[in-house]
Amino acid sequence: MTLNEITIRYPNLNANGFKYTGGPQQNDLQKYPLSFDAICKWLDNIDKIKTFNKRIGSYGLKHVCEHSIKHYISNGVFIAAAIAKGFKFRRYSDGPNCIFNMSHESISLYMDHKGGSGPCLDSQI
């Protein structure tokens, strides 16, 4: 699935995550094609599992990914890339975050990558 297809299929998803009461309402995912592609490549290293991983949500995963690729990424662009790569998701109530069917074992291989992230690959931030 492409970034354009994600924005059409999920109009309630923006760069901050899923739209929620009191949160940002802009539709801005298409401003981040380079970030989307980099996240998709990183997600090739993460295995799918049958159940949802409740140990780490989209916001935590965004941080793990950005430390690995050394660039800032947003929560919503991470969610869009995960959906595009075929991961199933479940939202947290009315908030912007969600959980995925991602293997914690796969994710944990990247959890020690510290040192911060660099600038966003897309120059809007």
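Select residues 75-84, helix α4: Asn75, Gly76, Val77, Phe78, Ile79, Ala80, Ala81, Ala82, Ile83 and Ala84 are buried here. Buried means under 20% relative accessible area, exposed means over 50%, and partly exposed lies in between (1.4 Å probe, protein chains only). That makes 10 of the 10 residues of α4 buried, so the helix is largely enclosed by the rest of the structure.

A word on what you are looking at. This is a predicted model, where local features need pLDDT of at least 70, side-chain atom pairs count only at pLDDT 80 or more, and totals for chains, interfaces and linings use all residues. Residues are numbered from 1 along each chain as its sequence is written, and side-chain values use heavy atoms, with hydrogens and water left out.

**Zoom out: the whole chain**

Show the chain as a cartoon. Count 5 helices and 4 strands. Helices (H or I, at least four residues) and strands (E, at least two) are DSSP runs, numbered from the N terminus.

Now picture a box around the C-alpha atoms. Along the principal axes, that box is roughly 35 × 30 × 25 Å. How many of the 125 residues count as buried? The share is 50%.

Next, think about contacts, meaning heavy atoms within 4.5 Å. Take those with a separation of 6 or more in the protein chain: residues 24 or more positions apart account for 71% of them.

Colour by charge. There are 15 positive and 10 negative side chains, and the centres of the two sets lie 6 Å apart. Lys and Arg count as positive, Asp and Glu as negative; His and the chain ends are not counted. Each charge is placed at NZ of Lys, CZ of Arg, CG of Asp or CD of Glu.

**The ends of α4**

Go back to α4 and look at the loop between α3 (58-69) and α4. Lysine 70 is found there. Its phi is positive, about 65°, although lysine 70 is not a glycine. Is lysine 70 buried or partly exposed? At 41% relative accessibility, lysine 70 counts as partly exposed.

Glycine 86 follows α4, with a positive phi near 90°. Select lysine 85, in the loop between α4 and β3 (89-91). Lysine 85 is partly exposed, at 30% relative accessibility. Not counting residues up to four places away in sequence, lysine 85 touches Cys40, Leu43, Asp44 and Lys48.

**Helix α2**

Select residues 33-43. In this helix, α2, the buried residues are Ser35, Phe36, Ala38, Ile39, Cys40, Trp42 and Leu43. What covers them? The cover includes α1 (3-9), α3 and α4.

**Helix α5 and beyond**

Select histidine 104, in helix α5. Histidine 104 counts as buried, at 18% relative accessibility. Leaving aside neighbours within four places in sequence, histidine 104 is in contact with Asn53, Arg55, Ile56 and Met111.

Step on to tyrosine 110, in the segment after α5 (104-108). Tyrosine 110 is buried too, at 17% relative accessibility. Which residues does tyrosine 110 contact, leaving aside its neighbours within four places in sequence? They are Trp42, Asn45, Ile46, Val64 and Ser68. Leucine 3 is 107 residues away in sequence from tyrosine 110, and 24 Å away in space, C-alpha to C-alpha.

**Last stop: the cysteines**

Show the cysteine sulfurs. A disulfide is a covalent bond between the sulfur atoms of two cysteines. Here it is counted as a pair of cysteine sulfur atoms within 2.5 Å. A search of the whole structure finds 0 disulfides. Cysteine 98 is in none, and the nearest cysteine sulfur, that of cysteine 65, is 14 Å away. Cysteine 98 is buried, with a relative accessible area of 0%. Cysteine 120 is in no disulfide either; the nearest cysteine sulfur is that of cysteine 65, 12 Å away. Cysteine 120 is buried, at 12%.
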